[in-house]
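Trainee: I am new to this structure, and I would like a close look at a single part. Which residues form a nonpolar patch on the surface?

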Amino acid sequence: MTDHTVPAADDAFAADLLRGHTDTIVLGVLRRGERYGFEIYKTIRDATGGRYEIKEATLYATYRRLERDGLAESYWGDETQGGRRKYYRITDAGRSVYHRNVTAWVATRTIIDSLLETSD
């Protein structure tokens with residue numbers, strides 16, 4: 001038995017790690033289909049069982065950055081009821097960046113796992 005304290009998954013260190021991957025997380029949601037802004041928020045929250053939420057301001061800055069970089073594009077929906085929704089979809093460049101980032105993440109995770117000996 002060890003006397004190490006296992007930090008909660010939602011501690012500041014974990015939050016910083018996740019925050020560094022916001023663009024890739026959003027691209028991952030968009031590669032499954034076009035979504036409007038709040039729908040992306042809910043998809044991320046629900047996928048983590050509510051353990052991780054991205055603040056609205058962070059998400060909208062991410063949408064702007066992804067559009068500016070040509071990784072996503074948007075259009076206004078034609079809803080007949082309620083407010084208009086802005087939908088986002090991933091571009092071919094966005095898919096390429098998503099796959100490159102996931103490959104880099106897997107390689108990094110493997111290195112960190114081996115360095116931290118997480119198997120005990």
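Mentor: What follows starts with the model, goes on to the patch and ends with the chain around it. This is a predicted model, where local features need pLDDT of at least 70, side-chain atom pairs count only at pLDDT 80 or more, and totals for chains, interfaces and linings use all residues. Residues are numbered from 1 along each chain as its sequence is written, and side-chain values use heavy atoms, leaving out hydrogens and water.

The nonpolar surface patch consists of I111, I112, L115 and L116, which together have about 420 Å² of accessible area. Such areas come from the Shrake-Rupley method with a 1.4 Å probe, and for residues only the protein chains shown count as cover. Like charges are joined within 9 Å, and nonpolar side chains (Val, Leu, Ile, Met, Phe, Trp, Tyr) within 5 Å.

Take I112: its relative accessible area is 39%, so it is partly exposed, a class between buried (under 20%) and exposed (over 50%), with a 1.4 Å probe and protein chains only. I112 belongs to helix 5, residues 92-116. The chain has five helices and three strands, where helices (H or I, at least four residues) and strands (E, at least two) are DSSP runs numbered from the N terminus. Their order from that end is α-α-β-α-α-β-β-α.

Of the chain's 120 residues, 27% are buried. The chain exposes about 8600 Å², with 52% supplied by carbon and sulfur atoms.

Technical notes: Patches are made of residues with over 30% relative accessible area and no salt bridge: like charges are joined within 9 Å, nonpolar side chains (Val, Leu, Ile, Met, Phe, Trp, Tyr) within 5 Å. A salt bridge is a side-chain nitrogen of Lys or Arg within 4 Å of a carboxyl oxygen of Asp or Glu.
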